[in-house]
Amino acid sequence: MAGAWGRLVEFGVEVRSKVLAFAEKFWRMGADDPRKVIHGVKVGVALSLVSLFYYIRPINDKFGRNTMWAVMTVVVVFEYTVGGCLYKVINRGIATLSGGSLALAAHWMAAKSGPKAEPVILSALVFLFALAATFFRFMPTVKARFDYGITIFILTFSLVALSGSHVDDLTNLTVERISTVGIGIATTVCVCIFVCPVWSGQELHFLISRNLEKLAESLEGLVEDYFPINGDSMDRAEIASKRSHSYKCVLDSKSSEDSWASLARWEPAHGWFKFGHPWQQYSMVGVAMRHCAYCVETLHGCVNSETIKRPEFWEKHLRDVCMKLSSDSSKVLKELSSSVKTMKKSPSVNLLVLEMKNSVEELRISLSLLTEQLPFIQTRPAKSSELGNENSSFIDDRDVAVVLMPLTEAMALVTMTALLIEISTRIEGVVEAVATVAELACFKPIGNDESRSKVQAGEQELKPFHQV
């Protein structure tokens, strides 16, 4: 008895802990993004407004059970963002109207053929329209924009066409269903747009800006972790800061970028964004950032997996130039982030890119000077006793060991510097992608003529490193 009671108590404690953990997770999700809570409230408000039609007798007497279609419409088309909502609303509206109209035409044509041929003709038409519509869904362009609409078209056409044999006035039934769907669509659009709207384009815009910032923080943090200021010999994994892992957000954001770019095309002009904003070009910026983030990921592995002791002379000689290059590269990314966030052309981004290129040249020169100090394998003259030995070698094993030791120790530093140079090259691709967005989206110029003249003067004074 005591054992059973103990197990029951343990089960109750376990259930209680799981419920508390779920409640804490639920609360944290709402606290991190209150818009999700607001979205739930908006859905509840829309459903409450539509359900009032059940209690308004004139409307209920006119539509009857077809009022349920308004409730179903709100449930299936209400989405988190305005773009997602408009995508489903437009698809459902066009599909319901076209499917109902074609179903009326099919029923009229089948009714004129006689009672015996009517079911055959209706079944054949349902088969043909379903076949054609389903085939069109395999086209990439149609599937990306009208997949939901084609599904609703097949459903509406089949229901209305096959209901004609059991309904006396099919025209009235079709009009009532289209009207109730229109009521649901109007309610959804009004609540989604005018009550705390969440725009897909705005989400995409600020996602690109945040990812540029995170990529800059990750690059700067990795180099600082590789060259710690205090110079201690702690494990690289222990001293790696949290910001050095920020590049993972850039690698994991592809699906969100593609989804929001696709839905943003359905949205009207809002805020800073005009109709026809180049949302697809934002995806190209994301591609350029991921191309750079893959190299940062390789650099992260180089920093945290190093087990070979680095030459102190090499590390001391390359520390400043590597940290300068990472700082200049991070400045370029942060300036791009600020430019995208404010939708203003930066007058200093070209100057920062030039500084980054000069840092690359400085790093290459420093690296070439160090590689010249590596010892080379030189053959020593053979002794007279070795001339008659066929297995004699002109290279001693001790000579090979002397050469391989500094090469092995310096390989990690050489790899890291090569990755930094490659990252700076890929950052130039990000600069070009952002410049294209700024040109197509008509970013506003920042500053006055005096500030622009100062930047131009600074560009003239700053010469490339190899020309100094």
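On a 1 Å grid over the protein atoms alone, a cavity is a set of points where a 1.4 Å probe fits but cannot get out. Lining residues have an atom within 4 Å of a point. Grid points are joined across faces, edges and corners, and a volume is the space filled by probe spheres set on the points.

This is a predicted model, in which local features need pLDDT of at least 70, while totals for linings use all residues. Residues are numbered from 1 along each chain.

**Stop 1: cavities.** There are 2 cavities of 30 Å³ or more. Select Trp69, Arg92, Thr96, Ile152 and Arg177, which are among the residues lining the largest cavity. That cavity holds about 80 Å³ of space. Now colour H5 (82-112), H7 (140-163) and H8 (170-194): each of these helices (DSSP runs of H or I, at least four residues) supplies at least two lining residues.

**Stop 2: the second largest cavity.** Its volume is about 40 Å³. Select Ile208, Tyr282, Val285, Val340, Val434, Val437 and Phe443, which line the second largest cavity. Helices H13 (279-304) and H16 (397-440) are the elements that give two or more residues to this lining.

Stop 3: Which cysteine sulfur is nearest to that of Cys292? Select Cys295: its sulfur is 6.9 Å away, and Cys292 is in no disulfide (a pair of cysteine sulfur atoms within 2.5 Å). The model has 0 disulfides by this rule.

How values were computed
Predicted model: local features only at pLDDT ≥ 70, side-chain atom pairs only at ≥ 80, totals over all residues. Heavy atoms only, no water. 1 Å grid on protein atoms, 1.4 Å probe; cavity = no way out; pocket = protein on both sides within 12 Å on 5 of 7 lines; lining within 4 Å.
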